[in-house]
Amino acid sequence: MIMFSIIFKRLTMKYIILSLLSIFSFAIELQHPQIYKNNENINTWVMSEKLDGIRAYWDGKQFLTRKGKVIYVPKWFIKNFPNFELDGELYTKRDDFENIQSIVLDKNPSKKWEEITYNIFEIPNAKGDFYKRLEKAKNWFEKNPNEKVKIIEQKKVKNEENLNSFFNEIVLNKGEGVIVKDPSKEYQAGRTPFVLKMKNAQDMEGEVIDINISEKTKVLKSLVIKLENGITFNLGGGFTKEQRENPPKIGEIVTFKYFGFTKNGKPKFASFLHIRKD
């Protein structure tokens, strides 16, 4: 009896350790765009608006963030969803990120989910070119409708002038930018040269590792940000009066915009955008 108890405890502990390892090692490998540099031949490509929402990967059973965290969704929202993968953006409207984030990342889904739509831009790991992959989702939701699902409109790029005109119209109306994509390619996970993002300024995330408070005003002077590559810099621009009085906390991830890098690899003209919780 004693021996059985010891074996049972060892097996239980082993199961717990393996479960924890599987949780912490889990990561989603999705497709990510490179930056458009104005010298690519994109005349046969397609373009679409880059939505500023919460990216959501549907694994056939549930929604996950790009970091693999579960998104708690009302059951009615995912009515008639397929058993194959989808990639898209949970979104409301332009210039509404803070509201979207508060709704989508709430562990207790509220009625405000009625404001959200799921906007599909890719079908990961499906066979065929981009058009065939999108067709798979279109066919599914035509037979299994869900009013909260949209498939992001793709427009053919006529030329660079056409792309710039489309981009300027979006940005002038508070949109984030444009995605251009080679529709002839099969699905490719990771950072790919066949999907490009076009924005006035780039954005990036970093971890708050320290906070500089002004001795004179007693409010935020700057945040010390650590990038994924280990480089640190002071982020002092873009904060409202309220944010300076109640700044992000150490350990939080923040998003900021920037315009290129210095010779030391630090973001130029960086400006705070928001706390990133997904």
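Predicted model: local features only at pLDDT ≥ 70, side-chain atom pairs only at ≥ 80, totals over all residues.
Which elements do the buried residues of α2 pack against? They pack against β3, β5 (70-71), β6 and β16 (271-276).

## The overall picture

Let us start with the whole chain. The protein has 278 residues, and 41% of them count as buried. Its secondary structure comes to 5 helices and 16 strands. Along the principal axes, the C-alpha trace spans about 80 × 65 × 40 Å.

Among contacts between residues at least 6 apart in sequence, 67% join residues at least 24 apart.

## Helix α2 and its surroundings

Now back to the helix from the opening. In α2, 6 of the 8 residues are buried, so this helix is largely enclosed by the rest of the structure. The buried ones are F97, N99, I100, Q101, I103 and V104. As noted above, β6 is one of the elements that they pack against.

## The largest nonpolar core

In soluble globular proteins, nonpolar side chains tend to be buried together. Here, the largest nonpolar core has 30 residues, and those with the most contacts inside it are F63, I71, L86, L90, W113 and Y118. Two or more residues of this core come from each of β3 (54-58), β6 (86-91), α2 (97-104), β7 (117-122) and α3 (130-143).

Setting aside residues up to four places away in sequence, L90 touches G53, I54, A56, F63, I71, F77, I100, V104, W113, I116, T117 and Y118. Two of these, I100 and V104, are among the buried residues of α2.

## Strand β6 and its partners

How many residues of β6 are buried? The strand is mostly covered, with 6 of its 6 residues buried. β6 is joined to β3 by 5 bridges, and the two strands run antiparallel. In this pairing, I54 stands opposite L90 in β6.

β6 also pairs with β7: 5 bridges join them, and these strands run antiparallel too. Here D87 stands opposite E122 in β7.

## The second largest pocket

Next comes an open space. The second largest pocket holds about 300 Å³. It is lined by 16 residues, and the closest to its centre are E49, L51, R94, I152 and E153. Elements that give two or more residues to the lining are β2 (46-50), β7, β8 (149-151) and α4 (160-172).

Of these, α4 gives the most, with 3 residues. Sorted by class, the lining has 6 nonpolar, 4 polar and 6 charged residues.

V46 lies in strand β2, one of the elements that line the second largest pocket. With a relative accessible area of 1%, V46 is buried. Beyond residues up to four places away in sequence, V46 touches F130, Y131, Q154, K155, K156, V157, I179, V180, K181 and P183. V46 and S184 are 138 residues apart in sequence, yet their C-alpha atoms are 10 Å apart in space.

Leaving out neighbours within four places in sequence, Q202 is in contact with I35, K197, F256, K257 and Y258.

Definitions and conventions:
Residues numbered from 1 in each chain as written. Heavy atoms only, no water. Core = buried A, V, L, I, M, F, W, Y, C linked by side-chain atoms within 4.5 Å. Buried < 20%, exposed > 50% of the residue type's maximum accessible area, 1.4 Å probe, protein only. Helix = DSSP H or I, 4+ residues; strand = E, 2+ residues; numbered from the N terminus. Contact = heavy atoms within 4.5 Å. 1 Å grid on protein atoms, 1.4 Å probe; cavity = no way out; pocket = protein on both sides within 12 Å on 5 of 7 lines; lining within 4 Å. Points joined across faces, edges and corners; volume = space filled by probe spheres on them. Nonpolar A, V, L, I, M, F, W, Y, C, P; charged D, E, K, R; others polar. Pairing = 2+ DSSP bridges.
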